[in-house]
Amino acid sequence: MKINELNRNGNITEKIKLYCDKNGIFNVDIIDEEWELFFETLYEALELKGLQGYYHKIVWTIITDAFTKSTVELDNCYPLYIIEKNTIIITPYKTNQTITINRIIDSLDILRKYRFRKSEIAVISNHIKEQILPGEIMDFKELVKRK
């Protein structure tokens with residue numbers, strides 16, 4: 001079974017959206033192309049290890065770890081405000097730093113439980129980052145020096 005069939009049958013991104021709605025996680029900034037790249041890269045890595053049967057379990061373990069860290073462990077937690085009919089409303093939800101694909105990549109360490117070495121996890125992480133950030137990454141201090 002290939003990755004497209006796995007994701008179509010499970011419709012993972014829809015399940016993630018439902019999970020976020022249910023848990024009040026409104027600060028996810030990951031586009032569909034990033035999810036697709038993450039899913040495909042992870043599937044290929046699991047396939048090489050003969051672990052593709054654990055695909056859904058591992059995906060959910062990584063995602064819940066990343067989202068849990070974002071809602072519990074980060075210090076940048078503040079009330080989520082919305083504006084409705086020119087009135088500021090304080091919601092019962094908390095928000096913090098925006099969850100990007102980098103937060104998901106940081107949770108790839110969970111793969112150590114599934115016989116992945118640190119070097120293998122680094123290869124997966126770097127592959128995803130290279131595909132998502134194809135441009136030059138520049139330190140802010142270097143940018144200031146150039147100007």
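Which residues of α3 are buried? In this predicted model, the buried residues of α3 are Glu34, Trp35, Leu37, Phe38, Phe39, Thr41, Leu42, Tyr43, Ala45 and Leu46. The following paragraphs begin with the chain as a whole, return to this helix, and then turn to its partners and to the charged pairs.

The protein chain contains seven helices and two strands. Read from the N terminus, its elements follow the order α-α-α-α-β-β-α-α-α. Of its 147 residues, 33% count as buried. Among the contacts in the chain with a separation of 6 or more, 64% are made by residues 24 or more positions apart.

Helix α3 covers residues 32–49. Its 18 residues reach 26 Å from the first C-alpha to the last, close to the 26 Å expected at 1.5 Å a residue. Just after α3, Gly50 adopts a positive phi of about 75°.

Phe38, one of the buried residues of α3, is in contact with Ile62, Ile101, Ile104, Leu108 and Ile128 when its neighbours within four places in sequence are left aside.

Thr41 lies in helix α3 and has a relative accessible area of 7%, so it counts as buried, the cut-off being under 20%. Where does the side chain of Thr41 reach a backbone oxygen? The side chain of Thr41 reaches that of Leu37, at 2.8 Å. Not counting residues up to four places away in sequence, Thr41 touches Ile124, His127 and Ile128.

At 1.5 Å a residue, the 15 residues of α6 should span 21 Å; the C-alpha atoms at its ends are 21 Å apart, so expectation and model agree. Which residues of α6 are buried? They are Ile121, Ile124, Ser125 and Ile128. Because these residues cover an arc of only 95° around the axis, they lie on the same side of α6. The spacing of such positions follows a general rule: an α-helix has 3.6 residues a turn, so residues three or four places apart point the same way. Val123 and Glu130, on the other side of α6, are exposed. The buried residues of α6 pack against α3 and α5 (101–106).

Side chains of opposite charge can pair when their charged atoms come close. How many salt bridges does a search of the whole structure find? The search finds three salt bridges. One of them joins the side chains of Glu14 and Lys17, with an N to O distance of 3.9 Å. Both residues lie in helix α2 (residues 12–23), three residues apart, which is about one turn of the helix. Glu14 has 39% relative accessibility and therefore counts as partly exposed. Lys17 likewise counts as partly exposed, at 44% relative accessibility.

A second salt bridge links Lys49 with Glu120, whose closest N and O atoms are 3.2 Å apart. Lys49 counts as partly exposed, with 24% relative accessibility, and Glu120 counts as partly exposed at 22%. The side chain of Glu120 also meets that of Arg117 in a salt bridge of 3.8 Å, N to O. Arg117 counts as exposed, with 54% relative accessibility. Through shared partners, these salt bridges join Lys49, Arg117 and Glu120 into one network.

Key:
Residues are numbered from 1 along each chain as its sequence is written. This is a predicted model: local features need pLDDT of at least 70, side-chain atom pairs count only at pLDDT 80 or more; totals for chains, interfaces and linings use all residues. Side-chain values use heavy atoms; hydrogens and water are left out. A salt bridge is a side-chain nitrogen of Lys or Arg within 4 Å of a carboxyl oxygen of Asp or Glu. Helices (H or I, at least four residues) and strands (E, at least two) are DSSP runs, numbered from the N terminus. Buried means under 20% relative accessible area, exposed over 50%, partly exposed in between (1.4 Å probe, protein chains only). The expected span of a helix is 1.5 Å times one less than its number of residues. The arc is that of the directions from the helix axis to the C-beta atoms. Contact means heavy atoms within 4.5 Å. A polar contact is a pair of N or O atoms within 3.5 Å; within protein, one must be able to donate a hydrogen and the other to accept it, and residues adjacent in sequence count only if both atoms are side-chain atoms.
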